[in-house]
Amino acid sequence: MAFGWRCTGVAWPGDGPELGWSRGRERRVSVLAYGSGLGFRAVGERHCVGARGNPCPVAAVVPARSTGGRCPECARLDRAHSVAADTLADDPRPYRVYLAWFGPGLVKVGITREERGGARLREQGAVAYTWLGRGPLMAARRTEEVVRAALGVPDRIPYARKRAVRGQLPGERERFGEVVELYGRAVGLQGRGWPESLEPLSLEVVDHARVFGLDRSARATRAVGELVDGGVVAGRLVAAAGPDLHLAVDDRDGVVVLDTRLITGWELAAVAPEAKAEKADKAENAEKGEVGVPLIDIAGGGVQGGLF
């Protein structure tokens, strides 16, 4: 089955987001810059993105609201070879344990390969973080479990919760203070379940508010719930965090969050970044081949239709 260009998601190799694209064996990257325009139209149906760099053998159609973008078989294959599945116990590479801060009282503990540096934290949308220690995979995993149980912090936080607090962040000093306090409690667990093979790392808080553009953009109040055939996404990029792009749209919708995990697997055609929805009812839009992109209130609420 032949497809046009399909988005493979956002990556954070450095201090700025990049959109990846694939078309058959071709690969491209779009470096995104705050203040620039972004616009596209979804075409056709959404198909499975495959697993581990391999295409889905049946090009399965996947639900529009799925953030994984994979059919059940490819999802199982992808997870079977992930660190989260604990199937890589003999991995010789060093790992790091971190504390990631997303908002007041919203902190998680996690691990990542040392070679990835802070990319994993940027990909998750961590507003601030610090390393706890480094060592073998299973020692890092054990430390993660000890910290989670002792401090009562989770190892996963839903993106909806991250978005809900992102627009109400306290100042940098307050963010720093909460991370420092948790770091002190975490390293205090040495000798109480913290594996000897995990080397403690000194406190060094990294803050991403400026990197993400959150310190200078308006608060986002709504998010794209799903794409549909013919649905248009267009606006000016004002901030980004993890997979989320914050787009300034218009006076009515303000700043809208696009979770780029929702656009993987779609064929996307370029449109002018300033494209706007015409004020027309659903029937008129259908006649023009255009339909609404559902928007969801970030703070909770119903689905609202409309192109932006």
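## A tour around strand β7

Select strand β7 (residues 128-135) and strand β9 (residues 206-207): these two pair in the antiparallel sense over two bridges. Strands pair if DSSP finds at least two bridges between them. Strands themselves are DSSP runs (E, at least two residues), and helices are runs of H or I with at least four, numbered from the N terminus.

This is a predicted model, where local features need pLDDT of at least 70, side-chain atom pairs count only at pLDDT 80 or more, and totals for chains, interfaces and linings use all residues. Residues are numbered from 1 along each chain as its sequence is written, and side-chain values use heavy atoms, with hydrogens and water left out.

Now click Tyr129. Its bridge partner in β9 is Val206. Tyr129 also stands opposite Ala100.

Next, select strand β8 (residues 199-200). β8 pairs with β7 in the antiparallel sense, over two bridges. Here Glu199 is the bridge partner of Arg134.

Is β7 mostly covered or uncovered? It is mostly covered: seven of its eight residues are buried. Buried means under 20% relative accessible area, exposed over 50%, partly exposed in between (1.4 Å probe, protein chains only).

Last stop: Lys162, in helix α4 (residues 159-166). Lys162 is buried yet has no salt bridge. A salt bridge puts a side-chain nitrogen of Lys or Arg within 4 Å of a carboxyl oxygen of Asp or Glu. The nearest side chain of opposite charge, Asp244, is 8.1 Å away. Lys and Arg count as positive, Asp and Glu as negative; His and the chain ends are not counted. What does Lys162 touch? Not counting residues up to four places away in sequence, Lys162 touches Phe102, Leu106, Gln124 and Ile157. Contact means heavy atoms within 4.5 Å.
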